[in-house]
Every structure is written in C-alpha cells, then in structure tokens.
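Student: I have this protein open on my screen and would like to talk it through. Could we begin with the fold as a whole and then go into a few of the helices?

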Amino acid sequence: MFLYFRPYLSCHRHRLLLSTFLRNPNPKSSKPLLPCLLPHSIRRLSGQIAAMDATVDSLRRAVSEKQAAAEKQGEIVRAMKADSGASKLEIDAAVEGLKGLKAEVSALSAELQAKLAVDGSNGGGLSREAFREKVVNTLERRLFYIPSFKIYRGVAGLYDYGPPGCAIKSNVLAFWRQHFVLEENMLEVDCPCVTPEVVLKASGHVDKFTDLMVKDEKTGTCYRADHLLKDYCKEKLEKDLTLPVEKAEELKHVLAVLDDLSAEELGAKLKEYGITAPDTKNPLSDPYPFNLMFSTSIGPSGLSPGYMRPETAQGIFVNFKDLYYYNGNKLPFAAAQIGQAFRNEISPRQGLLRVREFTLAEIEHFVDPNNKLHTKFKDVADLEFLMFPREEQMSGKSSRKLRLSDAVSKGTINNETLGYFIGRTYLFLTSLGINKDRLRFRQHLPNEMAHYAADCWDAEIECSYGWIECVGIADRSAYDLHAHTEKSGVPLVAQEKYPEPREVEKLIIAPAKKELGIAFKAEQKKIAEALEAMTEKEAMEMKANLESAGEVEFHVCTLGKAVKISKKMVSISKEIKKEHQRVFTPSVIEPSFGIGRIIYCLFEHSFYTRPSKAGDEQLNVFSFPPLVAPIKCTVFPLIQNQLYDEVAKQISKSLTAAGISHKIDITGTSIGKRYARTDELGVPFAITVDSTTSVTIRERDSKDQIRVSVEEVSSVMKEVTDGQSTWADILWRYPTHSSGPAE
Ligand code: AMP
C-alpha cells in the first residue's frame, strides 16, 4: 500500500502524495496546509508527544519562572555592588536570596530531568536506549541478525539473519501461512521482485513514491528532512531543561504535523531552527523529493526500464483476472504473497525497523463493494483489545480497550471484513508473543488516508523506539484494480449473474465519427473519447443544450481547449436494456505485514534478565513461545559419561524423527552454563540426561523441571512445542524434579 501516509515510523512519501494531490493543488504554493487546520488536540496525538505530559509542562514552567527570578535577583545584586550606597548587610541578604533562587532552579531542573528520564525509560529502570543496547548487543552477539557485508564495513539498511534469526523468521512465516493462508483458503502466489516500469507507473509508484531529502552542501551526504526536524524537536523536548513552555508547545505541534509539512514548509522549519548536517554541522540544501525505488533495466539493451518492487501487492493485482477464474469466478476470495520488498531509504536507522530490503507478507482480499460482511466475523467478534479510533486521537485521549463487535456495529471500523482481519491480526501477533498491552490498532486520521480508501488501521507495537507501525490493514476500495484496468486495457472486473434478467436504463453516447473527422481532423479521436467519458448529468445537459441551441461549447481536457459541438456530431439517448449480470470492480481489503518489524518488536517484548545462581551476574533470556523459538529444546547429558551420551544421541534421533528442532551438547561445560547459553537463544525446554531410563525436562522461564521416561520424552516435546498442550498442562501429569545439581 502506498498512497496514504503513516505517522511515527511512517512513510513520509504517503503524506507527500496527499498534501500534493488532495489538499494542495499547487505544490509550489508556500501556503501552509494542514498545520493551521489541525485542532489543537491533534497536536498531542503521537507516541513521542504523549510522554511530554502535564507534569513536565508545569515543571518546565516552574523552571523558567525561577530562572527569570534568579536572573532578576542577579541584576539586583550587581546593581547593589556597583552602588556604594548599599550596606554590606543588604548586599549579603540579596546574595542569599540569589543563592536560594539558584538552588530552587537546580532542584526543579533535577526533578524535570528525572521526569523526562522516567518517560523515556522502559519501566525496568533502564532508559529506553540502554535497554535497546542490551537487547541489540545480545541479538548481534548470538547472530540473530548482523549487518550485511560486515567485513567490508557493511551497508546501511541491509541486514543478514543468522541461524537463530533465520529459524525465528521461518517459524513466523510458517505460522502466518497457517493462520491466514490455510485458515482462509487463500491463493498464494510468488511473483518476481524485478518489475517492469509500466506496472509501477500504473500503481503510482514511479511518480509518487518519494520522501523529502536534504543534502549536506559540502559533503553531499543525504538525510531525510523530516527525520532531522523530528530529532531536533525530540532532543530539545527531552534534554533542554530551560525550554520555555510556549516553545515546548510549538515543538510538540511540529512533531504532530511533521508528516504533513510540504517541502517548502520543512525547509523553512529547518532554517528557522538552524538545523545543520548532523555529522559535519555544514549547511543543508532545500528539501526535495527522492523516489525510493531501486531502478534497474531488464535485459541487455537497456531499453526496458524496471524497478525492484517496493511491495508485493502489485504482483497480485496484475494477476487478478486469472486468480478470479481459478477461484471459479467467485467472490470473495483472497490472494497472498510473501516476498522481499525493496525501498532505497534515504538514511536508514533503527536496525531492522527501517531497512532497504525486507520481507513483506501481504493479503489482498477481494470483495463485492456492496457486501463487505464476513461469514467468519463471529469467530473474532468478542475479542477485546486496545484500539485508537480517530475520534480519540483528535480529542487528545489515549487508546482504550474496545470489543471488536461494538467497533464494527457502531461504524468505528468501516465494515465486517476489515474488522475480521483486524481481529485475526490481533490473534496472530499475540500468539507470536507480542505483549497485548503494548499492541494497539490505530485508525488513520482523515488526512492520512488516500481519497479512495474507505478506512485504514495500523497495528502498532510499542518498543524502545516508540509506537511502530508493523501491520497496515486498509480497505483500499477498487483503486488498484481500476488503475491496472486503465493502464493495461484488460478489464480486472467481477460479475454477478442475475437469476432473472433485469431491465436497466442505459445512457448511450454515440459520437458521429465522420462528422467529427470532417470538423476536427486529427483531433477527432480525443474529442470522441471526451464525449464518451461524460457523466450522465453532463450528457443530459449537453443533450438539452443541443436541442435548444443547436450547438454547444465543449471543453476537452486532453486537448486543453474548448471546441464547438453541433447536434449532428453526437447522439445522446437513454435506452432500456436487459442485463443478465452486473459487472463491477471488486474492492480490496489489504493487510500488509512487515515481518522484520514484527520480529524486532518480538525480540524486545521477549527479552529479560535475571540474576545467575551465584548472584554475580545478570543472565539474558528471550522468553519466546515454543511456536517461534528458534530451537525447541536442548539435550544435555548431566555429566560426561558414555552411557548418558548414548541416551542423549538416542533422544536426539527421536526428536529429529518427530521434526523437532533441537541442539545436543555433550561437552563437559557445567549444566548451569549450558542452560544460560540456550536461555539466551530463547530455547524453551531443556532435556537433561541424568539416568539411562528417565530424563528431566526444564522449562526456561519458570525453571520448573519434570521427570519423564526416555521413551516418552520426544512425544511430550512434540505435544508441548506443537501447541497441543501447554507446559502447565503437562506439569501436573509428570512428577516434578527438584533442580538439585542441574541448576
Ligand atoms: P507500507 O506499504 O509502507 O504501508 O508498508 C507495509 C509494511 O511494511 C509496514 O507496515 C511496515 O511493517 C513494513 N515496512 C515499510 N517500510 C519498511 C522498511 N523500510 N523497513 C522495514 N519494514 C518496512
């Protein structure tokens, strides 16, 4: 999806389109757009701004008032010292007063600093940045993911998944297939990444898939203009203790409308705040649009331009006709695709959250625009979770728990099918291990949505970077199929056969080509096309005017001028026709999953530390549910012993036969160390061989252990890793084992 913007970790390009096409017919005009239209309350809507609450504001106010009082008192002291008339006693009293005010300023500043630090922390005492550093260090050290081409100093925005990362990604994708493709009988396709220009021209990407960029005027280094402005505002709000309240309000407002600023407005703000290139402090160029697609040419001639696809959706749209036929010419149906998407992000940062190549899993659910009910909506209707409808955002409230059925029946969510996918997405993300209290569904504000979109919601997950859009769920109406029908000339439509033929009144516009040809020569074709494209209202008006006056002035857009049409040049009538079917362009409901973003948020939500047994160090743990864990269990002989090694190998064989990923470790390392190593990989279960007949199974987070016979162990593992039983289910079925030497 691409024609609407997202705030936060959003695609500025979407906004650019909107401000250019919907609200600012003249992109060159420097007239302010949305900023002056926004109600004050919207200023408070973004995640970053929410942290700056009333307490911070009142502390800021107190700091600046005391600061002003201290400055005034300083002047008084200086004047008294200069004026020989003041006694020592008087001067000492004034100096004491100044000291008191300065002490108050520093006490209030400390309080403000503490408040800002709490707002920026992860709740566990660590600042967000410190928490992130800990997680990312662990992830990179254990090869969950690493910068690509590292030995050549890497390339920004490109990452490799290492062994545990690969396993997690493949588990997430397998579950996605099961949860969506299998559940809904979706038609999965796999289209090329290299895409001819014409396809992306039709979709609008060639002309509009842009972000605003600025360049360091001396070194040529590129930056995203809105990111520089955002960083400046955030830095000031979070770190400048002397920032006056009015200035803080202004910066919050800028953050809230950041995605709506035109190139001119962004440039003006960068200048106003004196923002320079972050690395060199050199002056910056004016912002200008940069297309994010990687261009290429197909074949050796260089004559056939193409692009690496920026999303997978277009591959599905262009195949609509065949997929519809494959589905027995029936609606609704959904097609799905998992694949790489490429976006030449200007200055990628934030690790896996903004990269230049990433995996998308997209669904295009095609539905009759007149019937957006969903037969399985009742399965999700009772779910309750955090939603952030646009009314709440506009009135400065926070997200709140809503029941899905209420949200749909009250019209907060536009239709059942959209509601169904929102509910299924909630279940998908929480089953993966995303914390439901840090997951919300945020509705797009009217100014964020493309004109054709009926409704859009983003699944946003909170992590150390704030609320991140990880899934976009949009009712895109018939836009995409229309666009490709127009460009390709192939009608991407569906039919509804009537049980009985229906009589309908049809407008018939028949240009008289011979007459037009005589009058307009080569321009005849464009005039005929324009006549045929008239709306019913325009055609009936023309008919009336032709009948009364004999001829009319007719403006032909494609010629950029008006021509005189006479009565004999066109016939306009209405006829009753029998129709056997209705032909229409289906609407599309599109859930689009950024797999890398989901996985990164999952890493943060799963990470915790706990003290080692000796209490001398903090051990890292990823609490992945078995469903996504990269390795489901480990097999350790308790001590180095040939008999135990044999049992371990036998268990490993039966786990392999049962399709359970595991790791066998027969090194002599202490069992505690082996547990710690695999806890850090998020392995949920550890099988310890401490006899030849039975073994223990330890659960990672509770560290509870049970004793199971060697014969049963792989079937128990299968049960608990396949999700047929939970650990709690099997805990009471088997004798518990006290940790003893094992922990
Ligand atoms: P969009 O088509 O821009 O709405 O993107 C669809 C999904 O792709 C988003 O919800 C994100 O999860 C993900 N996404 C978009 N851009 C990036 C990027 N540069 N890096 C990683 N994921 C992205």
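Tutor: Before we start, contact here means heavy atoms within 4.5 Å. Please also keep in mind that this is a predicted model. With that cut-off, among contacts between residues at least 6 apart in sequence, 70% join residues at least 24 apart.

Student: OK, and how many helices and strands are there in the protein?

Tutor: The secondary structure comes to 26 helices and 28 strands, and the C-alpha atoms fill a box of roughly 100 × 100 × 55 Å along the principal axes. Of the 743 residues, 52% count as buried.

Student: Switching to H20, which residues in that helix are buried?

Tutor: In H20, which spans residues 524–532, the buried residues are Gln524, Ile527, Ala528, Ala530 and Leu531. Seen down the helix axis, they fall within an arc of 160°, so they line one face of H20.

Student: And what do the buried residues of H20 pack against?

Tutor: Their partners include helices H19 (513–520) and H21 (536–549), together with strands such as E17 (494–511) and E20 (570–584).

Student: New topic: at what angle do the axes of H7 and H22 cross?

Tutor: The axes of H7 (residues 163–182) and H22 (residues 595–606) cross at roughly 115° and come within 11 Å. That makes H7 roughly perpendicular to H22, and the crossing is right-handed.

Student: Which residues meet there?

Tutor: Ile168, Lys169, Val172 and Leu173 in H7 meet Ile595, Ile599 and Phe603 in H22. The residues of this contact divide into six nonpolar, no polar and one charged.

Key. Residues are numbered from 1 along each chain as its sequence is written. This is a predicted model: local features need pLDDT of at least 70, side-chain atom pairs count only at pLDDT 80 or more; totals for chains, interfaces and linings use all residues. Side-chain values use heavy atoms; hydrogens and water are left out. Axes are lines fitted to C-alpha atoms, for helices over the stretch in contact, and angles run from 0 to 180 degrees between N-to-C directions. Helices (H or I, at least four residues) and strands (E, at least two) are DSSP runs, numbered from the N terminus. Angles under 35 degrees count as roughly parallel, over 145 as roughly antiparallel, 65 to 115 as roughly perpendicular and the rest as oblique. A crossing is left-handed if the near helix is turned anticlockwise from the far one by less than a right angle, and right-handed if clockwise. Ala, Val, Leu, Ile, Met, Phe, Trp, Tyr, Cys and Pro count as nonpolar, Asp, Glu, Lys and Arg as charged, and the others, Gly among them, as polar. Buried means under 20% relative accessible area, exposed over 50%, partly exposed in between (1.4 Å probe, protein chains only). The arc is that of the directions from the helix axis to the C-beta atoms.
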